[in-house]
Amino acid sequence: MIGGNDCPDAALSGLKGIKAIEYDSKYKHIYWIDGRTRTIKYMPENGSGNFSVLVSNVDTSADMALDIIGRTLYFSSPETNSINITKLENSSFEGVIMQGDNMIPKFIIVHPIKRYCFFYLRLYISAIVWM
């Protein structure tokens, strides 16, 4: 659980089209999906410097979850019916970890200790392990 002193004072004013947001408490970065530019961006929590693009060509209705221990970011793609993974260290696209017809993956969450990735697929909840 994050205490009151651990909450970032982010300078995100003026940003529009934010579809999902994640906070990296280890490296003090904020990650978000920008629905207007269809990208996943990040910046330091204090707002210093410019933002950087981590992933391009993301679905506008995508969701994401951060694995702080594994230094990876999971993100869904309802348009391609897939869940994808990207490394945070070098912004390298690791690939598709699950894909299927009419999956429409949403609501991704990563267990912070066990590193299980949970997500919602239309009519049921599914879980996968990725380390």
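Strands are DSSP runs of at least two residues, and helices are DSSP runs of at least four. By these criteria the protein, examined here as a predicted model, has 11 strands and zero helices. The order of elements from the N terminus is accordingly β-β-β-β-β-β-β-β-β-β-β.

Of the 131 residues in the protein, 40% are buried. The accessible surface comes to about 7,700 Å², and carbon and sulfur atoms account for 52% of that area. Among contacts between residues at least 6 apart in sequence, 28% join residues at least 24 apart.

Nonpolar side chains tend to be buried together in soluble globular proteins. The largest nonpolar core comprises 13 residues, and Ile 33, Ile 40, Leu 54, Val 58, Met 64 and Leu 73 have the most contacts inside it. At least two residues of this core are supplied by each of strands E2 (29-34), E4 (52-55), E5 (64-67) and E6 (72-77). Beyond its neighbours within four places in sequence, Ile 40 is in contact with Trp 32, Ile 33, Ser 52, Val 53, Leu 54, Val 55, Val 58, Met 64, Leu 73 and Phe 75.

On the surface, a nonpolar patch is formed by Ile 109, Tyr 116 and Phe 118, which together have about 270 Å² of accessible area. Tyr 116 belongs to strand E10, which spans residues 116-121. The relative accessible area of Tyr 116 is 33%, so this residue is classed as partly exposed, the class that lies between buried (under 20%) and exposed (over 50%).

Key
Residues numbered from 1 in each chain as written. Predicted model: local features only at pLDDT ≥ 70, side-chain atom pairs only at ≥ 80, totals over all residues. Heavy atoms only, no water. Buried < 20%, exposed > 50% of the residue type's maximum accessible area, 1.4 Å probe, protein only. Contact = heavy atoms within 4.5 Å. Areas by Shrake-Rupley, 256 points an atom, 1.4 Å probe, with all protein chains shown as cover. Patch = residues over 30% accessible without salt bridge, like charges linked within 9 Å, V, L, I, M, F, W, Y side chains within 5 Å. Salt bridge = Lys/Arg side-chain N within 4 Å of Asp/Glu carboxyl O. Core = buried A, V, L, I, M, F, W, Y, C linked by side-chain atoms within 4.5 Å.
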